[in-house]
Amino acid sequence: MQTLPLLSDSSSHVSSSTTRLLQANLLVGLLYLALAALVSLAFSGAAPIWPATAAAMFAALAGGWRWLPGIAFGSWLGNDFFMQWDSGWALWITLGNILGALFASVVQRRFAPDVNVLLESGRGVTLFGALALASSLISASLGALAPTNGLQPSTPYNEAFFPWIVSDFTATLMLTPALLLWWRDLRTPCQLLRGNQEMWLAATTLVMVTLILFFGSAKDASSLLRPAIFLTLLPLVWVALRFPQRSTFTLLSLVFFLSLFGTWMEKGVIAELALPYTRLQIILISMGMITLLVSSMSMERRRALDELSISHTTLEDRVQERTLQLRDNLQHLERLLDNVPIPMVIARPDQSIVIYANLAAADYSGYSLARMVGSSCMMYFHTLEDFKTLEQALHEKGSLNSHEVVLRHRSGRPLWALVSAVPSRYNDTPVMMFALQDISSAKRRELDLEQLVSTDALTQTATRRHFMQRGDEMLRSAERSAHSLCLLILDLDHFKSINDNYGHPVGDQVLRRVAEAFRSSLRSGDLCGRLGGEEFGVILGDADHDAAHAGAERLRQVVGALDITVDGHRHIRPTVSIGAVLLLPSDMELPTGPSLDEAISSADQALYRAKNGGRNRVVFAPPLVFRIAAPTIASSAENNE
């Protein structure tokens, strides 16, 4: 009872398959006849072009031997009725067409069962070209006997064979790929008809170039334009690289028909040559193979990218899930960093651009978050040298831990910070994450302490310790650069009587006024320090004999010009005695140069003579000579510092 429906379904399936097979044979047979009829309108007998061969190859590759009866029927009718061949020779030509197509079908099923592989890989295109050539060889080998012995008995075999194989091979390369792809994707709209502007531009360029070359060129200019035939490759390659294969091979077929039609009308760059169709088709073979190879390589690239992106659905889901998780983690991290009290900044090291800053960083710098994001990192440093120092340290070490830098607040005041930096990734971008520890208060206390240690609190000049340290450095620098120095020891005259008569506060006032006078008269590179009590030391840098005498005399005069009012009516007019010594460079071979203590001792002796000579005067000791230091690695390094 249950077998009857099964038998009914089976017979229905067989009937449906038979119907589809008959329809397919009818379709390819009509296609062959249509192309043959098209050629018969232009040629009779042996035609130099035969696009119907593409229909035979299409049938062999798309349907195998089952579709070849339609091709056989179409080939026999086309050659017998349309091309006016003898019926026997028409059957002979049909035999060549069928054998060539059958050979291509068998080899294709053996080496590339999926016909799509023939057009979508370099290996497949090579196989397709070999099949097209082999099929053309078989068809031409048999078919060339027909004009030799039938329609045109005087035609040598080789003269019939070569154009025959060229015409079959050209038609197969130029038309078969488009037929295969239109059959495979019949229900898919063509991109040429979907408003793609780039596709329209490429297609228009290709058609215009083809029309100019094969319809618009004058005969006297055709010889100059012949090399330009290969310009049609440019838009073809453009389409092959950028758009689907069906669009590429449709345009290739269009070039095939336009160029043949223009040549048939005796126009264009090939028409005036001997064997114009054969010459043209050899050029088209080259263009077709190049286009096929470029298109297949583009497909391989696209397929590799597609396989890379959709290889495993589960993996994609996990990647998407992981991406969402990372995005959530990133948002969580940003929320966390936004509320961290430590200034945090994320920057791109390749561009030195801030891409994230938290609220603490905005408060610390004085800028808004909107202003900070996208700004240059350099604007937050006190000087360009500070920025370059940090950049160099990052380049050498890769990361930083508590690296001291001087930044700049929006108001312009300096900010001291310890910077820690580590490389990371932010939104899949290599970045550097910076954490800042504000040490401005501690740094100011340190500077204040250094100020206390190095600056005399009463006179705001250098302390004796700092004076000796800086004086030593100036002496070593003079030895390296061969510059002279002048050391002055200045002592206020009768200062003890000022303290005794007016009190120590007035004495302190006098010391402050005298120190101010000294500082206002000295250059930026000179050094002034209080050596003790009312005694001061001054070093005049880069001062020769005349400059030293003028500088010492100027200091004596500015002190003598002071008029210090005490109690509103009493006046103190201090004077100063100065002992001086010049330190001069020399190229002579000296065992040792003078030390700063020796220079001070020599200036003290001159000061003693100035006081004994009546005070308020300048007395110079004999100059001291020091040897110019020979350049060494160590001295060069110090000089660079």
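**Helix H20 and its surroundings**

Author: In this predicted model, H20 is followed by Gly503, whose phi is positive, near 100°. Start from that end and work back. The helix itself covers residues 495-502.

First, the inward side. Phe495, Ile498 and Asn499 are the buried residues of H20. Viewed down the helix axis, these buried residues fall within an arc of 95°, so they line one face of H20. The general rule is that an α-helix has 3.6 residues a turn, so residues three or four places apart point the same way. The cover over the buried residues of H20 includes strand S6 (485-492), H21 and strand S10 (570-572).

Next, the outward side. Lys496, Asp500 and Asn501 are exposed, on the other side of H20.

Now the partner helix. H21 spans residues 504-521. The axes of H20 and H21 lie 7 Å apart, and the two helices pack at an angle of about 140°. H20 and H21 are therefore oblique to each other. From H20, the contact takes in Phe495, Ile498, Asn499 and Tyr502. From H21, His504, Val506, Gly507, Val510 and Leu511 meet them. By class, this contact of H20 with H21 has six nonpolar residues, three polar ones and no charged ones.

Notes. Residues are numbered from 1 along each chain as its sequence is written. This is a predicted model: local features need pLDDT of at least 70, side-chain atom pairs count only at pLDDT 80 or more; totals for chains, interfaces and linings use all residues. Side-chain values use heavy atoms; hydrogens and water are left out. Axes are lines fitted to C-alpha atoms, for helices over the stretch in contact, and angles run from 0 to 180 degrees between N-to-C directions. Helices (H or I, at least four residues) and strands (E, at least two) are DSSP runs, numbered from the N terminus. Angles under 35 degrees count as roughly parallel, over 145 as roughly antiparallel, 65 to 115 as roughly perpendicular and the rest as oblique. Contact means heavy atoms within 4.5 Å. Ala, Val, Leu, Ile, Met, Phe, Trp, Tyr, Cys and Pro count as nonpolar, Asp, Glu, Lys and Arg as charged, and the others, Gly among them, as polar. Buried means under 20% relative accessible area, exposed over 50%, partly exposed in between (1.4 Å probe, protein chains only). The arc is that of the directions from the helix axis to the C-beta atoms.
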